[in-house]
Amino acid sequence: MLDSASKTIFHLIARSRTLKRLASRYGMRKPSSFARRFIAGETVAEALEAAREVEARGMTVTMDLLGESVTSLDKADAATRDYIAVVDAMIASGMERNISLKLTQLGLDVDKAMAVDNFRKILERTEPAGFFVRIDMENSPYVAVTLEIFEMLWRHGHRHIGVVLQSALRRSEQDLQTINARGARVRLVKGAYKEPKAVAYQKKADVDAAYARMLKVLITEGHNPAIATHDPAMIELARQVAREHHVAPDRFEFQMLYGVRRDLQAMLVAAGYRVRVYVPFGREWFPYFMRRLGERPANVMFAIRGIFGERG
Ligand code: FDA
């Protein structure tokens, strides 16, 4: 994790609409461009090709058509239609049926009821086809409403959906109890957003300690949980807790981001664990990419080399 000030800078950049527009226009023109390390491409076809490569390495995928913070009903409608087209392409491709999406992509900022309607439209297509749909967790102002929408859909019988909990947030351990009691699937992450002290731990050690506590609960009491991290210490802890409690490797999975720690991904596959790779793609890649830069100083150098140094 980067120090707090740098993380703040990258989050401010991530929110800049002008930079986002420019980046979407110029940043991914050629496959070697700097963002391609983390983004599987702009088109569904490119993303499916990347997904096949991941599957060929013995892992599964969750596909994420990037997009968030949509500001109009029209754009939310368009995002919903785009997602349904992705679902159809995945069905046609014969690959495993698993997607991740964000509720602000479906219009949560514009109108909550419409975002729920849009989500239902996607579920109408995914459920008969046997998809699992993960609702990504966004920054803290969206956590309560995201969990509320999840609960409502779960109560209405939508059982092929799951949520994400961020160990950085103070409320998450309580949320974990509630969601576990429902029998729902949780993806555990540390949290990608810069959050205020009132709601989130500020020190990496505290975020990690909360992650470790939640990980233990999930491995021993969770329902097909996802331990989503690239942190070798957390991965080792998960393996240790599973061994101690005789939890078989097929009762949980590790998840990592496309382009991050491929060595660890391969090591876990070789050791007999399930690994799912989060494959993000699409034109709206800029905020996601900025969050990845904000996580690790070395990535900033990588990006700068990508922008200025590709000639030499
Ligand atoms: P930590 O930040 O401590 O990093 C541990 C090590 O991992 C680093 O030392 C480095 O080696 C490597 N690493 C981490 N990030 C890297 C990067 N960007 N580039 C290169 N190496 C890196 N967050 C969220 O708020 N909502 C969500 O819905 C999701 N969804 C999600 C899905 C999946 C599958 C994953 C893996 C992660 C998320 N996240 C997320 C992101 C998550 O909250 C977190 O920001 C990142 O995973 C980085 O934290 P780590 O757990 O890897 O640990």
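What follows is a quick tour of the ligand site, from the shell down to individual contacts.

## The shell around the ligand

Keep in mind that this is a predicted model. In it, 28 residues surround the ligand, and the closest ones are G191, K204, T229, H230 and E295. Sorted by class, that shell comes out as 12 nonpolar, 6 polar and 10 charged residues.

## Polar contacts and burial

T229 puts a polar side-chain atom 2.6 Å from an oxygen atom of the ligand, and K190 has one sitting 2.8 Å from a ligand oxygen atom. R292 works through its backbone instead: a backbone N or O atom lies 3.2 Å from a nitrogen atom of the ligand.

How much of the ligand does the protein bury? On its own the ligand exposes 920 Å², and 91% of that is buried by the protein.

## Where the site sits

The ligand takes up the space of the largest pocket. Elements giving two or more residues to the shell are β4 (161–166), β5 (185–189), β7 (253–257) and α11 (286–295). The top contributor is β7, with 3 residues.

How values were computed. Residues numbered from 1 in each chain as written. Predicted model: local features only at pLDDT ≥ 70, side-chain atom pairs only at ≥ 80, totals over all residues. Heavy atoms only, no water. Near = heavy atom within 4 Å. Polar contact = N/O pair within 3.5 Å; in protein donor to acceptor, adjacent residues only side chain to side chain. Areas by Shrake-Rupley, 256 points an atom, 1.4 Å probe, with all protein chains shown as cover. 1 Å grid on protein atoms, 1.4 Å probe; cavity = no way out; pocket = protein on both sides within 12 Å on 5 of 7 lines; lining within 4 Å. Sits in = over half its atoms within 2 Å of the grid points. Helix = DSSP H or I, 4+ residues; strand = E, 2+ residues; numbered from the N terminus. Nonpolar A, V, L, I, M, F, W, Y, C, P; charged D, E, K, R; others polar.
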